[in-house]
Amino acid sequence: MPLVPGWVLLSSGCAPVLLIAGWVIAASLEGPAYDPATQTISVLAAYGAPGYWVMTGAFLALGACHLLTAWGLRAAAPAGRVALAGGGLAALVVALFPTPSSGGSLHHGSVTVVGFVLLAVWPVLAAGGGDVPWALRPAPSAAAAAVMVVGALWFLVETHRGGVVGVVERAVTAVQSLWPFVVAASCLRRPGDRGEPPA
């Protein structure tokens with residue numbers, strides 16, 4: 001019997017698809033003026049940007065997906081579910097406080113940092129001991145969190161040096177949006193269930 005409802009697989013699977021589709025479509029609407037290698041996703045959701053409504057919708061959808069996944073991911077530890085839900089709320093708030101068309105925004109930047117942190121630590125907070133699905137075991141959870149933390153640090157380095165910020169941000173956010181799906185998929189069967197028919 002699954003440890004999570006089937007709709008959690010749908011909500012968690014939609015998160016990376018909607019986010020990536022959002023930035024791809026918004027970038028195409030922006031045209032050649034936008035450089036995805038050196039400009040962030042937030043630029044696509046800036047006031048007045050041609051793809052503003054697309055990227056804003058993607059942020060809202062991402063936040064809703066994370067909230068639904070956190071609600072239904074019963075196999076995860078409560079602290080991890082709260083952190084994942086917090087990351088979803090951060091995505092919703094990012095949509096409400098878009099970056100201005102020029103310059104920076106303290107509100108937007110602060111919420112983005114909080115979201116990055118919550119989504120980086122939730123795998124470790126969600127991990128449990130004993131007979132849990134493999135993606136909720138300490139080692140895979142720590143490895144996932146480490147990848148996200150290293151990615152976030154790389155993002156800070158690239159931001160400071162004016163490098164490939166867009167590439168790094170997309171890599172980190174893709175991993176952060178995909179990991180809930182990996183966890184949900186690992187919960188489809190109980191540990192030790194090898195699919196033998198009942199006696």
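Q: Is isoleucine 20 buried, exposed or partly exposed?
A: Isoleucine 20 is partly exposed, with a relative accessible area of 34%. Bear in mind that this is a predicted model.

Q: Which helix is isoleucine 20 in?
A: Isoleucine 20 belongs to helix α1.

Q: And how far is isoleucine 20 from leucine 96, C-alpha to C-alpha?
A: Their C-alpha atoms are separated by 19 Å, and the two residues lie 76 residues apart along the chain.

Q: Back to α1. At what angle do the axes of α1 and α3 cross?
A: At roughly 165 degrees, and the axes come within 8 Å. Here α1 covers residues 6–30 and α3 covers residues 52–72.

Q: What does that make α1 relative to α3, parallel or antiparallel?
A: Roughly antiparallel, because the angle is over 145 degrees.

Q: Left-handed or right-handed crossing?
A: The crossing of α1 past α3 is left-handed.

Q: What kinds of residues make up that contact?
A: The contact of α1 with α3 has 20 nonpolar residues, six polar ones and no charged ones.

Q: New topic. How many disulfides are there?
A: The count is zero.

Q: Is cysteine 65 buried or exposed?
A: Cysteine 65 counts as buried, because its relative accessibility is 8%, under the 20% cut-off.

Q: What about cysteine 14, buried or partly exposed?
A: Cysteine 14 counts as partly exposed, at 28% relative accessibility.

Note on methods. Residues are numbered from 1 along each chain as its sequence is written. This is a predicted model: local features need pLDDT of at least 70, side-chain atom pairs count only at pLDDT 80 or more; totals for chains, interfaces and linings use all residues. Side-chain values use heavy atoms; hydrogens and water are left out. A disulfide is a pair of cysteine sulfur atoms within 2.5 Å. Buried means under 20% relative accessible area, exposed over 50%, partly exposed in between (1.4 Å probe, protein chains only). Axes are lines fitted to C-alpha atoms, for helices over the stretch in contact, and angles run from 0 to 180 degrees between N-to-C directions. Helices (H or I, at least four residues) and strands (E, at least two) are DSSP runs, numbered from the N terminus. Angles under 35 degrees count as roughly parallel, over 145 as roughly antiparallel, 65 to 115 as roughly perpendicular and the rest as oblique. A crossing is left-handed if the near helix is turned anticlockwise from the far one by less than a right angle, and right-handed if clockwise. Ala, Val, Leu, Ile, Met, Phe, Trp, Tyr, Cys and Pro count as nonpolar, Asp, Glu, Lys and Arg as charged, and the others, Gly among them, as polar.
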